[in-house]
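Hi,

Here is the structure I said I would pass on.

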Amino acid sequence: MLASTTRQRSALSGSLGRTDLRIALAAAAALVVSVSASQAQVELKTYMDDKGYLNVRALTCAQLANTFQEDADFLGAWYSGWWNGHMKRHSINVNRAKEGIHEVIVYCKAHPDDKVVDAVDAYAKKVQAGGQ
């Protein structure tokens with residue numbers, strides 16, 4: 001009876017030990033991924049000149065994709081207003097603008113060498129052609 005109980009405890013603690021190890025490894029992997037992702041992001045001011053200006057025509061998709069999400073959203077809203085001003089529009093479809101910002105960011109992540117203005121232009125042409 002004593003040998004049987006000892007074997008059961010040993011087997012039980014062995015399986016719990018493996019489970020704990022798996023959980024610890026998964027947690028460590030998740031931490032490494034989150035740290036890597038957060039290090040890849042930079043503040044928008046990183047791309048400003050010495051006077052504090054950001055050249056929006058020169059900004060690349062890689063730069064947009066590497067900013068924090070709130071900075072990318074801010075730039076997306078700015079580009080949306082800039083484009084609508086260029087087209088002499090004085091209203092905004094909020095849902096379409098949010099979707100457009102999202103699509104431009106997704107596009108930029110897939111095409112890091114493109115300019116953001118070109119990504120915005122491509123999205124605007126898609127909308128004008130009835131693609132959304």
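Some housekeeping before that. This is a predicted model, with local features needing pLDDT of at least 70 and side-chain atom pairs counting only at pLDDT 80 or more, while totals for chains, interfaces and linings use all residues. Residues are numbered from 1 along each chain as its sequence is written, and side-chain values use heavy atoms, with hydrogens and water left out.

**The chain as a whole**

The protein chain has five helices and zero strands, in the order α-α-α-α-α from the N terminus. Helices here are DSSP runs of H or I with at least four residues, strands are E runs of at least two, and both are numbered from the N terminus. Of the 132 residues in the protein chain, 21% are buried. Buried means under 20% relative accessible area, exposed means over 50%, and partly exposed is in between (1.4 Å probe, protein chains only). The protein chain exposes about 9,400 Å², with carbon and sulfur atoms supplying 59% of that; the areas come from the Shrake-Rupley method with a 1.4 Å probe, and for residues only the protein chains shown count as cover. Among contacts in the protein chain with a separation of 6 or more, 65% are between residues 24 or more positions apart. A contact is heavy atoms within 4.5 Å.

Two packed helices are described by the angle between their axes and the distance between the axes. The axes are lines fitted to C-alpha atoms, for helices over the stretch in contact, and the angles run from 0 to 180 degrees between N-to-C directions.

Take helix 4 (residues 94-110) and helix 5 (residues 116-128): they pack at about 130 degrees, with axes 10 Å apart. Helix 4 and helix 5 are therefore oblique to each other; under 35 degrees would count as roughly parallel, over 145 as roughly antiparallel and 65 to 115 as roughly perpendicular, with the rest oblique. Helix 4 passes helix 5 in a right-handed crossing, where right-handed means that the near helix is turned clockwise from the far one by less than a right angle, and left-handed means anticlockwise. Helix 4 brings Arg 96, Glu 99, Gly 100, Glu 103, Val 104, Tyr 107 and Cys 108 to the contact, and helix 5 brings Val 116, Ala 119, Val 120, Tyr 123, Lys 126 and Val 127. By class, the contact of helix 4 with helix 5 has eight nonpolar, one polar and four charged residues. Nonpolar covers Ala, Val, Leu, Ile, Met, Phe, Trp, Tyr, Cys and Pro, charged covers Asp, Glu, Lys and Arg, and the others, Gly among them, are polar.

Helix 3 and helix 5 pack at about 60 degrees, with their axes 11 Å apart, and are oblique to each other. Helix 3 passes helix 5 in a right-handed crossing. Here Tyr 79, Trp 82 and Trp 83 of helix 3 meet Val 116, Val 117, Val 120, Asp 121 and Ala 124 of helix 5. The residues of this contact are seven nonpolar, no polar and one charged.

For helix 3 and helix 4 the angle is about 120 degrees and the axes are 9 Å apart. That makes helix 3 oblique to helix 4, and their crossing is right-handed. Gln 69, Ala 72, Asp 73, Gly 76, Ala 77 and Ser 80 in helix 3 meet Ala 97, Ile 101 and Ile 105 in helix 4. This contact of helix 3 with helix 4 divides into five nonpolar, three polar and one charged.

- Thr 60 sits in the loop between helix 1 (2-40) and helix 2 (61-65) and is buried, at 18% relative accessible area. Leaving out residues up to four places away in sequence, Thr 60 touches Pro 112, Asp 114, Lys 115 and Val 116.
- Phe 68 is in the loop between helix 2 and helix 3 and is partly exposed at 27%. Its C-alpha atom is 5.6 Å from that of Gln 41, 27 residues away along the chain.
- Lys 88, in the loop between helix 3 (69-86) and helix 4, has a positive phi of about 60 degrees although it is not a glycine. Lys 88 is exposed, at 67% relative accessible area.
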